[in-house]
Amino acid sequence: MSYHRPTDLAHALEIASQPARTILAGGTDYFPAKRQGQQAETVLDVTAISELKSLTKGPEAIRFGAALRWSDIIRADLPAAFDTLKKAGRQVGSVQIQNAATMAGNLCNASPAADGVPPLLALDAQVELASAARGIRTLPLSDFLKGVRQTALGPDELLTAIIVPTPPAGAGSSFEKLGSRDYLVISIAMVAAIIRQNADGRIDDARIAVGSCSAVAQRLRVLEADCLGKHPDQVAVKPDHLSELTPIDDVRGSAAYRLDAVTELCGRAIRKACGDE
Amino acid sequence: MNKLDLKSGTRFKLNGASVDVFPEVGERLSETLRERLDCRDVKIGCDAGDCGACTVLMDGAPVCACLTPTHQAADAHVETLAGLHKNDPMTARLAQQFEDHGAAQCGICTPGMMVSATALLREKTTPTEAEVQDALGGVLCRCTGYRKIIDAVMARPGLTDDPKGQVGSFIRRLDGAQKTSGQELFSDDIAPPGTLEILVIRSPFPRAAFVFGDIDTFISDADGLEASLTAADIPGRNAFGVIPQFVDQPVFAEGETRFRGEAVAAVIGTPEAIKALDPADIPVTWTELPAATDIHTAQSDEAAILHEGRDRNVMCGGFVQCGNAEDALDKAAVTVEGHFTSGFVEHAYIEPEAGFARMVDGRVEVYAGTQAPVMDLEALEIILGCTREKIRVVPTGVGGGFGSKLDISLQPFLALAAMKTGKPVRLTYTRTESMQSTTKRHPSDIHLKIGADASGKISGFSFFGAFDTGAYASWGPTVANRVPVHASGPYRITDYLARSQGIHTNNPPAGAFRGFGVPQSAIAQESLFDALAEKLGMDPLAFRIENALQDNVPTVCGQVFSQGVGIRECLKSLQPAWAAERKAAEAFNSKNDVLKRGVGIAAGWYGCGNTSLPNPSTIKSGIRPDGRVVLHQGAMDIGQGANTVIAQIFATALGVAAQSVLLVGADTDVTPDAGKTSASRQTYVSGAAAKLSGAALRARILERMNIADDAELRFEDGVITASDAGGTHRLDLAGLDPDQDGFVFRAEETYDPPTKPLDENGQGSPYAQFGYAAHLAVVEVDTRLGTVKAQKFVAAHDVGKAINPMLVEGQVQGGIAQGLGMALMEEYIPGRTENLHDYLIPTIGDIPPIETIIIEDPDEHGPYGAKGLGEHVLIPTAPALLNAIYAATEARITSVPATPSRVRAAIKALGT
């Protein structure tokens with residue numbers, strides 16, 4: 001029962017290897033989940049670890065330290081393909097939430113409605129996991145997210161960074177979020193798209209991911225393939241393109257509505273990523 | 001308490017000064033600030049980052065203190081509203097802007113709003129409206145409708161406070177400065193840190209049997225637990241209710257619970273012990289029982305009867321009839337009919353229920369937010385089994401009420417705990433506890449048929465509304481009575497039949513919520529009026545004007561007002577906007593295939609005060625020997641502005657500036673009963689009493705000084721100076737004997753509105769006055785997604801006389817925001833939407849510009865002609881929005897909220 005806020009990673013990994021510790025970053029998911037009478041615990045606060053607070057742009061990849069808050073990412077100077085991520089970040093809760101919550105925490109919390117996941121899937125992001133005993137491993141984000149509130153994070157591991165391979169030069173991106181109100185809203189559905197067009201305007205690279213319509217957000221591979229060689233306004237999104245999705249009925253909307261809306265949102269996301277408003 | 005473990009100590013800068021604290025593991029910064037560092041200006045609304053009330057700056061960046069581990073504040077600079085107000089001239093200026101615009105109503109969100117705005121203004125001195133919305137999007141407000149907050153942050157020109165402060169003038173709220181500086185004390189701000197706390201044990205099921213184990217041993221074995229409370233601890237009757245014939249709700253359920261969240265017991269202990277207490281460890285055995293959670297199941301043969309003697313779970317009904325509706329419908333040239341439904345709506349004030357109680361000289365004192373202090377006291381008399389001399393109810397600042405804080409909630413727990421332990425106690429509901437256990441707006445299930453003759457005159461109106469009143473009566477009988485009286489809308493209908501029923505279910509009690517069922521019935525009536533106009537080929541506005549009530553025309557209750565019926569003028573005032581906005585929408589739609597705009601209108605009326613029942617207010621005032629004018633203002637200000645409006649009326653009658661009056665609040669030990677803040681009655685009824693009180697005080701002074709009626713009075717240090725045609729006269733107050741209240745002059749006057757009982761057909765004079773309203777809404781519908789975005793409102797309100805036009809606008813904008821929420825997004829589902837991220841209320845991004853048109857058709861009974869306003873506002877909003885959606889899409893939404901899912905389904909059903 002103690003609160004640890006280490007400043008270096010080695011010390012943090014030592015604490016992480018203790019049993020029954022809770023990892024805390026921005027706290028925006030930690031506190032709402034607290035229950036009356038919950039026993040005190042060992043908390044590992046990762047926000048002071050210097051190695052986790054940097055954003056590094058390399059020739060082949062951009063590395064986001066796990067302690068970066070959404071507002072750090074929104075303000076960072078990044079290529080246009082990251083606009084989808086920034087736009088998602090600006091719709092995570094509110095300014096208050098963005099100033100506290102981390103992108104890494106959004107992944108570790110593994111909500112089906114996590115706003116950060118579709119853009120990062122579209123960006124082919126990888127996550128870097130570290131433990132004192134086994135060192136460092138990297139996993140594609142799609143392998144890290146296992147299900148509702150389930151990840152591949154080991155009991156002694158910390159997520160230390162999100163690594164995004166340099167996206168195709170010249171690609172544009174977009175993020176479409178559907179909710180019942182402005183601000184502070186959990187998505188009914190969302191679509192992230194990163195699209196590159198060739199010189200005559202035909203799509204030659206398409207990455208499209210949908211959130212809130214399955215246990216884990218999904219890339220729409222069939223749709224992506226269908227986009228290739230077409231002008232954005234020639235892309236017609238059809239039910240077949242949505243086979244990866246398994247939406248549910250909940251208070252925010254019915255499953256049928258979600259599929260219907262996603263069809264529209266995908267078309268809009270593709271066109272917006274191509275600069276057509 | 002504080003472990004002196006230096007390793008876990010946290011040092012940070014708080015409002016410029018270094019502080020050291022020793023937080024528990026995982027302690028929230030909001031708790032540290034409020035309970036360890038006396039920053040009660042940091043408000044807690046949800047403990048989940050959903051409301052933003054607790055916003056503080058951490059190294060300049062706004063964060064929710066409730067989501068910030070105190071340890072993470074190490075070495076940071078934390079700034080709260082009170083500190084910023086003191087240290088940053090920009091925040092102090094912003095406070096002035098907030099006051100000039102009336103941007104703080106109840107004031108509970110004001111710290112969050114102002115701290116967030118400070119962060120924005122530090123980055124950008126002249127932000128755009130969109131930037132203000134982005135910066136403040138994380139702070140919810142339930143009172144203002146946000147527009148005045150935007151105006152204040154953008155430093156748009158505000159009012160110039162009229163120093164005379166008379167009726168009809170813009171003045172700042174008299175209690176505004178304490179709200180914008182973080183000084184106002186709300187219900188959770190009274191208890192000293194370390195006060196014993198109460199945890200209420202609640203039913204996890206809609207209906208359950210339960211048996212207690214050995215609670216006494218559980219308490220005595222646990223460190224820090226002092227006592228428990230169950231039904232067995234209630235010295236008086238284990239029952240409360242707001243209507244004498246329907247007192248049916250237990251403080252603690254006995255044997256069986258009737259709704260999820262119903263209290264069965266409470267545990268009292270130190271803050272540490274209560275924090276560590278897992279409810280599952282308390283020895284209670286639950287057996288879930290079959291429950292009826294909708295009105296149809298509740299009326300079936302299989303359903304258990306919730307209350308003996310209420311067959312088929314029908315609590316009561318209402319009935320109004322005039323002419324012959326069936327005949328008239330048969331004869332009508334056209335008829336329309338429809339079935340309309342709505343769900344539970346949560347009040348969602350940003351301040352959850354909280355309070356403090358203590359024993360003083362053998363009496364129990366209860367400090368809590370309330371809309372009805374004397375009703376609270378009367379309820380406690382029955383529960384505690386003692387006379388009122390033994391009880392003192394001291395209202396705190398109220399962080400929003402909207403009807404729910406008319407009922408007692410935690411007051412009995414506080415009083416019983418203080419009496420049992422003999423020690424001070426406190427209790428603060430969690431957001432979920434507040435949502436589960438307090439009243440809601442009644443879900444409605446309405447069938448309505450309306451006819452018209454070929455000329456467009458209404459011919460026949462047949463209404464049946466069933467309302468889910470939940471597990472207990474609360475204000476359900478009032479809803480059942482009010483709806484048939486109001487379901488006609490403000491129109492002349494000669495052949496009318498309206499029936500209503502309140503049905504018990506195993507849902508939370510439905511009670512009072514701004515409009516008492518009338519917003520629900522207005523959705524049906526105003527939607528069908530549009531359908532009727534369309535069928536007749538008439539313009540919807542012209543159709544309404546044609547059928548609108550006017551002076552000397554009987555209502556459906558046969559009541560005839562010879563004056564003050566302002567609905568036609570309200571409707572007519574919308575004509576320019578109706579023409580212009582429809583033309584603009586048409587132009588927009590001709591260029592857009594996916595986004596479609598529509599313009600809708602709707603009207604409403606609302607009777608002020610109790611329905612055909614006595615409804616008095618008493619206002620006491622006096623002059624102290626030092627010359628200070630004192631007003632005992634017992635009309636609870638829950639944000640709507642009674643402290644200012646009642647003072648303006650009183651001051652005008654006395655002949656002084658409202659700003660010079662010293663207000664004494666609704667403490668039941670010192671202030672007479674000004675009735676409940678309900679039924680839009682305070683401006684009218686308490687205002688009328690305040691006018692009488694001011695006039696009587698003035699008359700006594702004039703008589704004593706033997707001067708003319710038109711004399712001008714001045715109250716200064718111990719002297720009253722009067723100037724009339726005869727010159728200037730002085731009265732030295734030091735020579736007069738003060739009475740037991742310390743007054744040398746005093747007046748105490750009561751006003752009760754003249755009403756007459758309704759007969760078996762609902763014919764009579766239910767209200768002394770009605771207020772009237774008509775709204776125009778412009779929406780934009782994304783036809784592929786079903787999302788609806790309001791673009792603009794024009795709202796015309798006949799208020800008789802606007803005592804303070806700024807406060808009128810505040811009521812209008814706030815009511816529209818609640819109406820929009822009900823129309824588009826709000827539905828409380830027990831067990832599923834028990835927090836403010838699953839239950840959505842409008843944010844600052846959802847409320848478009850609102851133009852308020854104030855119509856003043858004076859009422860003969862109202863003070864200076866004033867009529868009530870609070871509830872009137874949200875009655876037309878929802879149907880105006882639904883009519884606008886129809887105008888945009890041809891999709892008729894008959895079930896609210898009109899969520900994207902529902903709107904899209906309705907559009908798809910058109911097959912276009």
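This is a predicted model: local features need pLDDT of at least 70, side-chain atom pairs count only at pLDDT 80 or more; totals for chains, interfaces and linings use all residues.

Trainee: Which residues does B:L414 touch, not counting residues up to four places away in sequence?

Mentor: Residues are numbered from 1 along each chain as its sequence is written, with chains lettered from A and ligands numbered from 1 in the order in which they are written. Contact is when C-beta atoms, placed from the backbone, lie within 7 Å. By that test, B:L414 touches B:G355, B:F356, B:A357, B:V366, B:A368, B:V425 and B:L427.

Trainee: How many residues of chain B are in contact with chain A?

Mentor: Chain A brings 39 residues to this contact, and they meet residues of chain B numbering 48.

On the chain A side, the largest share, 4 residues, comes from α9(A) (helices are DSSP runs of H or I, at least four residues, and strands of E, at least two, numbered from the N terminus). The chain B count you asked for is 48.

Trainee: Are α3(B) and α4(B) parallel or oblique to each other?

Mentor: Their axes (lines fitted to C-alpha atoms, for helices over the stretch in contact, with angles from 0 to 180 degrees between N-to-C directions) come within 10 Å and cross at roughly 125 degrees. Angles under 35 degrees count as roughly parallel, over 145 as roughly antiparallel, 65 to 115 as roughly perpendicular and the rest as oblique. Therefore α3(B) and α4(B) are oblique.

Trainee: Which residues of α4(B) make the contact with α3(B)?

Mentor: From α3(B) come B:M90, B:T91, B:L94, B:A95 and B:F98. Their partners on α4(B) are B:T110, B:M114, B:A117, B:T118 and B:L121.

Methods
Two residues are in contact if their C-beta atoms, placed from the backbone, lie within 7 Å.
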